[in-house]
Amino acid sequence: MNFFKDDTDITYGIESTIWQALEKAFEKNSKETFLVLNKFIRNVLSLSIKKGSIKHFEKYIIFFSSYYYITYVKAKENIQYRNLNKYVSELAAMQLKEILNYELRYKKADIQALNFDELRTQNLFIYKAYNGFSRLFYAIIKNGDTSTFEYTLNEFNQLDTLSYNNFHDLRTKVKFYPEDTPEFENQKRLYEVVSQYQNYKRHVITGIKYWNYFMYNVGRNELATTEIFADKLIIRADSEELLKDIIFLRNKGWDGYLEWGSWDFMERLSMKSYTPPNPRDWLTLGFFIDLIRDNRYYFNPEDFDTKQLQEVTYMYETLKDYAKYFKDHFEKWTSILKVNTTEELELRASRILSMFEQFKVKDITDKETQIANLPLSDERIGEFVGSVGKSWNQNSAIRKLFIKKENRIIDNESHIDKVGDKTFFASAKKMFIDGDYYQPIYNVSEIGGQTARWIDDNFIDAIISNDPAYATGETILQTINSCLAKLEEKGSKANLIIVPSEYSYKDESFLNDKDFIRKYDLEGFEAANEEMFLLGEFKDIPVYSCFSEQLQSKVVVTEFEKAFLMKYKQNVDWYNDELKVEVKLITPEEAKQIYDQNPESWKRRSGLQNLSEQNALVNIQNAVYLDIASFCSFEVIDKAAYVIGVIGNQIDN
């Protein structure tokens with residue numbers, strides 16, 4: 001049998017033969033045949049460890065859990081298999097213990113030489129062996145088998161009792177007595193590698209215990225059975241270590257870790273797609289149950305790094321949901337949670353949630369502090385200016401008409417109306433920085449489009465407020481024709497019609513009128529050069545739409561160049577020399593002024609309560625001022641050159 005990693009595997013398929021032989025031995029209730037097969041499996045595992053063949057080790061280590069679940073089914077159906085089930089199950093647990101205790105010790109030579117590669121290879125075998133134990137526990141819990149559980153847990157608890165792989169002294173030194181020396185860095189690296197033995201052990205118990213609670217939650221195990229398992233499954237970790245484990249395991253559960261992603265509480269029909277229980281959910285459920293149940297914990301947010309704080313913040317929201325769930329199903333959970341009244345449950349849960357809220361506060365304030373201290377990025381601001389300017393330009397209906405008709409002039413001296421606003425944009429600084437905390441805010445460029453529509457509003461307001469001539473009609477067609485007639489009476493000839501935007505699609509009688517030609521049917525019209533707001537021509541007069549609310553139920557019929565003039569300001573620092581787009585930081589002085597206007601509001605945000613003034617000020621400085629505006633005014637040059645039409649019957653909504 002060849003076990004070397006880089007050679008051809010001539011043992012391929014043997015494990016299938018062993019599976020079949022085992023099933024026959026169990027079927028015949030033959031302990032003798034089983035022991036022969038078990039000896040072969042045991043020898044393969046020992047040889048794979050010596051030769052470093054993880055491929056063979058992982059294939060054969062899972063046989064031990066199969067001893068249990070194959071014979072358990074038979075013993076459940078026929079009492080004559082009970083002795084065999086008990087024997088093979090206990091042998092499986094004992095052999096897993098022996099492999100982990102004796103054959104998978106870290107070698108002293110590797111530890112002394114800091115041979116990290118060899119130690120990490122050893123960890124691969126240790127992980128697979130612990131996974132073998134986890135598979136065995138999973139089957140036992142799923143079956144609610146308390147008798148086999150007692151023996152298996154006793155064997156599991158004997159792991160590392162000889163202290164070959166616990167490294168308690170090294171752990172104490174690394175955790176409590178750090179030094180700034182190369183030797184200490186090596187010891188720290190060493191501990192990160194060799195601590196995996198204890199980590200895997202703890203993770204197996206954690207997963208099994210929390211799966212036990214989940215099995216009760218979905219009604220697969222009885223209360224008494226669940227409590228037997230829960231009372232004996234003790235996770236040997238302090239509060240901080242336990243929380244860091246949960247943070248790690250919530251992310252590893254779907255990554256194949258200890259095969260949790262494939263665990264299920266029921267048999268599924270073949271050829272049917274389904275999603276097994278999410279380890280992230282049942283691990284969090286179990287973790288919260290234990291916190292309430294044990295009623296002793298202490299977490300210090302200062303001991304957790306940025307990513308861990310973020311994970312706890314996510315978990316906090318889930319814990320709030322579970323707190324409500326336990327209250328709503330109090331009778332089901334009172335015994336397991338070890339609370340006698342709903343008031344006691346609420347008190348314990350609120351204390352836990354309050355502590356986790358501090359993680360959220362620290363996560364948010366740490367991130368906001370770093371963002372507040374970062375400079376603005378010229379590149380991000382440039383991208384923002386471009387996107388806002390593009391939206392402004394695309395939505396500039398009236399401005400484009402003045403450009404097309406060439407009846408606007410630059411006026412940088414006179415007072416010109418500012419069309420736009422300086423806005424306090426909360427939490428928007430993250431849009432304008434580089435690095436990990438950069439985050440886009442979608443659709444913010446629409447501010448440019450809104451500014452363009454405000455220009456349209458100003459224009460319509462200016463011409464309506466200048467005592468214009470009016471014409472009326474029951475329909476838009478009648479109204480336009482009335483305006484044309486009145487304009488002709490006033491000695492002007494229409495060369496432009498402006499209608500509300502809804503008439504671009506709502507009034508079929510207008511769009512299909514014999515005198516109206518849609519723009520796509522106009523001679524010489526090219527789609528590539530499409531004018532967005534051009535609808536077509538009515539009696540050879542161009543018809544444009546406008547989104548201004550001031551134009552609702554109205555039309556403007558005009559000899560455009562003769563009637564109106566647009567004045568505007570230019571600045572070489574603005575977008576297209578016309579649109580001012582500035583992003584400015586909130587100074588500490590400005591932040592204090594904003595805070596003093598409504599301090600209580602700033603202390604309550606993101607679902608948090610009673611934030612400090614300093615935290616609130618930092619949050620304010622995560623905002624920016626956005627000053628987005630153009631400067632333009634409209635004048636009526638000749639009142640006789642335009643008519644406002646009022647449509648008597650408004651279009652149905």
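A crossing of two helices is left-handed if the near helix is turned anticlockwise from the far one by less than a right angle. Keep that in mind for the first stop. The model on screen is predicted.

**Stop 1: a helix pair**

Select residues 116-143, helix H7, and residues 182-194, helix H10. Their axes come within 9 Å. The axes cross at roughly 20°. Angles under 35 degrees count as roughly parallel, and H7 and H10 are therefore roughly parallel to each other. Look along the pair: the crossing of H7 and H10 is left-handed.

Now show side chains. On the H7 side, pick Phe116, Leu119, Arg120 and Asn123. On the H10 side, pick Asn186, Arg189, Leu190, Val193 and Val194. These residues make the contact. Colour them by class: the contact of H7 with H10 has five nonpolar, two polar and two charged residues.

**Stop 2: the sheet**

Switch to cartoon view. Seven strands form an open sheet here. Trace the order E3-E12-E8-E4-E7-E6-E5. The pairing is mixed.

Which strands stand at the edges? Select 469-473 for E3 and 516-518 for E5. Each has a single partner strand, so one side of each is left without a neighbour in the sheet. From one strand to the next, the twist averages 25°.

**Stop 3: inside the sheet**

Select residues 496-500, strand E4, and residues 541-546, strand E7. How many bridges join E4 to E7? Four, and the two strands run parallel. Zoom in on isoleucine 497: its bridge partner in E7 is valine 543.

Terms used
Residues are numbered from 1 along each chain as its sequence is written. This is a predicted model: local features need pLDDT of at least 70, side-chain atom pairs count only at pLDDT 80 or more; totals for chains, interfaces and linings use all residues. Side-chain values use heavy atoms; hydrogens and water are left out. Axes are lines fitted to C-alpha atoms, for helices over the stretch in contact, and angles run from 0 to 180 degrees between N-to-C directions. Angles under 35 degrees count as roughly parallel, over 145 as roughly antiparallel, 65 to 115 as roughly perpendicular and the rest as oblique. Contact means heavy atoms within 4.5 Å. Ala, Val, Leu, Ile, Met, Phe, Trp, Tyr, Cys and Pro count as nonpolar, Asp, Glu, Lys and Arg as charged, and the others, Gly among them, as polar. Two strands pair if DSSP finds at least two bridges between them.
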